[in-house]
Amino acid sequence: MRAPGKPSAARPAALARALARALLALAVAGASLSAAPPALAQAAQSGALERSVKAAFLYKFLAYAQFAPSAFADAEAPVTIGVLGADEMASELSRVVAGRKIERRAIAVRALREGDPLEGVQLLFLAGADEARVAAQLRGAAHHALLTVTQTDSGLQDGSVINFRIIDERVRFEVSLEAAARNGVALSSRLLSVAYLVARRAP
């Protein structure tokens, strides 16, 4: 029997899971596009929690983005999120979007590898913090009408539409309107209003 007052080894993991579920529910509900409060981020195991928050944001980005009809093969085609180089994020996203729709279209998640075709993808998440590699991936995707999302210090400079940043222990995001226009993606003013930074021209 555990001695009274002695903390259980399972409690930190259970707390992390509970916080992740709460934050995910908040983001998916759309009550706010703000990210986790610093106190919660400090209390949870950062990797899994950060992934859950970013997955919820990626799903919500679809609701605040408008794609040209030509971005879809037909009226029945799903809205597809491509995840390059992060199978755990692809799995998390699959859980988040299961059974959900955007403007009557189902949502699909596709785990990608280097060189995989991007046809049929509307949102492309480029994982990793290697700026040179991500910049090369963005160049490779330049001929596709995509909402690109990165998570490097130079994401916007390298041509991404949306870039995640960790600011004061919160997951925040910045937006390049120039990149959005170049990629044929219209972003809602509501999304822009909660962005950490909105760049009208590439930084």
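Phe 125 and Phe 164 are both buried in this predicted model. The two rings form an aromatic pair, one of seven found in a search of the whole structure. Their geometry is edge-to-face, with 6.3 Å centre to centre and 65° between the planes. Phe 125 belongs to strand β5 (residues 123-126) and Phe 164 to strand β7 (residues 162-167). The two residues are 39 apart in sequence, so their contact ties together separate parts of the chain.

The pair does not stand alone. Ring pairs join Phe 125 and Phe 164 with Phe 57, Phe 61 and Phe 173 in a cluster.

Another aromatic residue, Phe 72, has a charged partner. The charged end of Arg 105 sits over the Phe 72 ring, 3.8 Å from the ring centre. Both Phe 72 and Arg 105 also line the largest pocket.

The largest pocket holds about 200 Å³ of space. Its lining includes Leu 62, Ala 63, Ala 65, Gln 66 and Phe 67. Ala 68, Pro 69, Val 79, Ile 102 and Glu 103 are also among the lining residues. Two elements, α3 (46-63) and β1 (65-67), each supply at least two residues of this lining. Strand β1 gives the largest share, three residues. By class, the lining comprises nine nonpolar residues, one polar residue and two charged residues.

Key: Residues numbered from 1 in each chain as written. Predicted model: local features only at pLDDT ≥ 70, side-chain atom pairs only at ≥ 80, totals over all residues. Heavy atoms only, no water. Phe/Tyr/Trp six-rings, centres within 6.5 Å; stacked < 30°, edge-to-face > 60°. Helix = DSSP H or I, 4+ residues; strand = E, 2+ residues; numbered from the N terminus. Buried < 20%, exposed > 50% of the residue type's maximum accessible area, 1.4 Å probe, protein only. Lys NZ or Arg CZ within 6 Å of the ring centre and 35° of its normal. 1 Å grid on protein atoms, 1.4 Å probe; cavity = no way out; pocket = protein on both sides within 12 Å on 5 of 7 lines; lining within 4 Å. Points joined across faces, edges and corners; volume = space filled by probe spheres on them. Nonpolar A, V, L, I, M, F, W, Y, C, P; charged D, E, K, R; others polar.
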